[in-house]
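Biologist: Please put up the chain with its model. I would like to go through the fold with you.

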Amino acid sequence: MASPGLEDILAAAAPHPRTALPNVATTVTTVAALYFGREVFLPIAIALLLTFALAPLVSALKRVGIPRIAAVIVSVLSAFAALALFSFIVATQVSELAQNIPAYQTNILAKIRSLKETGVGGGIIARLSSVVERVGQEIDRQDASLPAATPDKPPREPVPVEIVSRERPLEVLQNIVGPLISPLGSAGLIIVVVIFMLLEREDLRDRFIRLVGYGDLHRTTEALRDAGKRVGRYLLMQLVVNIVYAIPIAAGLWILGIPNALLWGLLALALRFVPYIGPAIGMLLPLFLALAVAPGWSLVLWTAALFVVMELVTGNVVEPWLYGSRTGLSPLAIIVAAIFWTWLWGPLGLVLSTPLTVCLVVLGRHVPQFEFLDVLFGNEPVLEPHARLYQRLLAGDPEEATDHAEEMLEEKYLFEFYDKVAIPALLLGERDRVRGVMGDLQRRQVAASALMLVANLDDSAQEEAAEEDVPPEAAEPGDHGDAAGEDEIDLPDGTGMSVLCAGGRGELDDAAAAMLAQVLEVQGATASKAGFADMEPASIRRLELETIDTVVVGFLNRDSVKHARFLVRRLKRAKAGLRVGIVFWSETGNDDKETTDRLAHDMSADFVAHGMVDAVVGALSKEPPVALKLVAKRRQRRQRAAPGKVQAASAS
């Protein structure tokens with residue numbers, strides 16, 4: 001019978017298609033357009049994000065019966081009125097603070113003197129003071145190139161000059177109003193754009209679909225829905241988190257006696273929209289004020305403790321509780337995006353960096369042409385688990401591979417990890433070996449790393465074996481038994497059985513055999529291991545098979561049927577009554593039981609398996625061994641010899 005070819009495995013373990021990256025010209029052109037056109041793109045970006053944030057509010061108002069136009073106008077005006085009130089309070093508080101700053105000069109000078117007296121930092125302060133004095137003396141020194149004053153003519157005293165401003169009232173008004181025209185104009189433009197985007201939201205969505213995704217309405221619609229949901233939820237939840245963070249900050253600063261506590265609370269609320277560095281900036285200003293208002297150091301320490309405690313509580317309790325990491329961005333991507341957008345659009349770009357990058361990641365997740373954005377900035381694993389494990393084995397890093405395995409074993413059984421992740425990883429190695437891209441040294445390194453991984457998972461295997469011994473009624477609710485539910489696979493008990501697991505044709509087969517042996521030990525069987533070298537004709541007779549019930553030989557290469565048939569005959573001849581099973585490892589398994597049984601019958605094997613579950617079930621089966629069939633040529637020789645024996649018997 002023709003055996004399945006290696007192409008089946010290769011098709012099952014085919015890698016993810018390579019992600020196409022944009023060329024350099026496209027990237028440079030896009031960045032240049034965003035940089036030089038920031039006066040146009042920045043207001044549009046702000047308006048787009050505000051549209052995402054206000055869209056849920058507009059929808060809620062429409063559901064209660066408010067007309068669309070009224071709902072949009074109320075939402076926009078309410079949002080910008082809140083922003084205007086926020087700006088007014090901040091400006092008032094800043095003005096009050098500026099008037100009180102001279103009163104804090106005495107405390108600051110007293111702290112500097114105390115530092116110099118105690119010697120803490122005295123060397124640095126002394127050096128800085130010396131440098132400042134020398135620079136001042138050099139500036140005051142008369143330039144040697146100028147002619148010195150002669151004794152006969154004493155130097156003339158400078159004549160005081162007073163500059164009298166003669167600006168007209170119109171010029172004064174222009175100087176005051178001029179700097180405000182640009183921000184007020186941008187704010188008005190943003191308001192208008194937001195209103196029209198909210199009014200024409202469905203029409204803009206249809207036009208975007210027609211422009212970029214008319215051939216795949218489902219994917220484009222999903223992308224728009226996902227982008228709006230992610231960005232809107234991020235902005236809303238970030239606002240809630242910042243409010244929860246700012247209120248205790250303001251209250252704590254007021255209790256500690258820090259002036260303008262409301263100002264620092266509002267700044268903490270606003271600056272926390274800036275990733276990573278925003279909270280630090282919001283903490284520095286109150287710390288400096290605490291340094292100025294009190295003569296001692298206790299107020300500074302209490303203020304720092306307040307900010308640190310609130311940051312820890314907010315970052316580790318409030319944020320995971322409200323939205324966790326639902327932005328879909330990796331931590332490194334957030335930092336890189338902050339740097340890029342700040343360079344591109346300045347401080348506003350820093351504030352907008354996270355929501356803008358969220359939009360780009362959603363675009364890359366749903367539109368194939370922009371998949372590289374999701375790969376670069378997304379937080380989803382870009383490699384499948386088995387490919388990720390194979391990369392760790394290929395790099396000779398079994399410790400990191402073990403960490404990866406232990407993370408998965410928190411939710412999976414050991415046999416599931418080996419069946420769905422580890423064996424497919426070895427199949428990738430076998431594919432590379434067949435293609436000729438893996439040398440002997442690399443193959444042995446991957447096999448050694450895989451064996452080290454199995455050894456590192458001994459503790460996990462023992463814990464799982466202990467769980468198997470616990471009666472079902474005594475198991476804890478969080479055990480593996482409840483994780484699988486009704487779909488749990490019940491492997492047979494191997495207590496009292498002895499199984500020898502061997503590799504078929506190479507070091508990678510030996511690693512797969514070690515994984516099978518460990519799973520059999522979890523099931524209570526006595527499992528021993530043999531290498532592919534022990535399966536050579538001269539070595540099989542040296543195997544200690546007296547106490548072995550079943551021998552299981554595994555092959556990662558499916559084109560090994562002839563070699564497997566040869567091993568079955570050798571092993572069954574070495575010990576009468578020995579059960580022998582063959583495993584042709586496959587990532588997807590084989591549901592064609594009729595074909596598998598026919599293959600086992602042709603090979604005289606007791607069973608043929610394609611996955612970890614079938615291999616364990618076959619190895620621990622209590623069925624009697626299959627008798628070794630005579631080969632065709634020997635049967636024919638005996639049939640030809642039979643007539644001669646009959647004639648001899650008749651003559652006698």
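This is a predicted model: local features need pLDDT of at least 70, side-chain atom pairs count only at pLDDT 80 or more; totals for chains, interfaces and linings use all residues.

Modeller: Residues are numbered from 1 along each chain as its sequence is written, and side-chain values use heavy atoms, with hydrogens and water left out.

Biologist: How many helices and strands are in the chain?

Modeller: Both come from DSSP runs, numbered from the N terminus: helices are H or I with at least four residues, strands are E with at least two. The count for the chain is 27 helices and five strands.

Biologist: What percentage of the chain's residues count as buried?

Modeller: Buried means under 20% relative accessible area, exposed over 50%, and partly exposed in between, with a 1.4 Å probe and protein chains only. The chain has 652 residues. The buried share of them is 37%.

Biologist: In strand 2, which residue is the bridge partner of serine 498?

Modeller: Strand 1 covers residues 498-503 and runs parallel to strand 2, joined to it by five bridges. In strand 2, the partner of serine 498 is threonine 526.

Biologist: How many residues of strand 4 are buried?

Modeller: Six bridges join strand 3 to strand 4, and the two run parallel. Arg579, Gly581 and Val583 point one way from strand 4, while Val580, Ile582 and Phe584 point the other way. Strand 4 is mostly covered, and the buried count is six of its six residues.

Biologist: Are helix 16 and helix 17 roughly parallel or antiparallel to each other?

Modeller: Helix 16 (residues 385-394) and helix 17 (residues 398-409) pack at about 155°, with axes 8 Å apart. Angles under 35 degrees count as roughly parallel, over 145 as roughly antiparallel, 65 to 115 as roughly perpendicular and the rest as oblique. Helix 16 and helix 17 are therefore roughly antiparallel.

Biologist: Which residues of helix 17 meet helix 16?

Modeller: Contact means heavy atoms within 4.5 Å. Helix 16 brings Pro385, Arg388, Leu389, Arg392 and Leu393. They meet Glu400, Ala401, His404 and Met408.

Biologist: What is the phi of asparagine 260?

Modeller: Most residues other than glycine have a negative phi. Asparagine 260 sits in the loop between helix 9 (217-256) and helix 10 (261-271). Asparagine 260 is buried, at 10% relative accessible area. Its phi is positive although it is not a glycine, at about 55°.

Biologist: Is serine 604 buried or exposed?

Modeller: Serine 604 lies in the loop between helix 25 (593-603) and strand 5. Serine 604 has a positive phi of about 65° and is not a glycine. With 5% relative accessibility, serine 604 counts as buried.

Definitions and conventions: Two strands pair if DSSP finds at least two bridges between them. Axes are lines fitted to C-alpha atoms, for helices over the stretch in contact, and angles run from 0 to 180 degrees between N-to-C directions.
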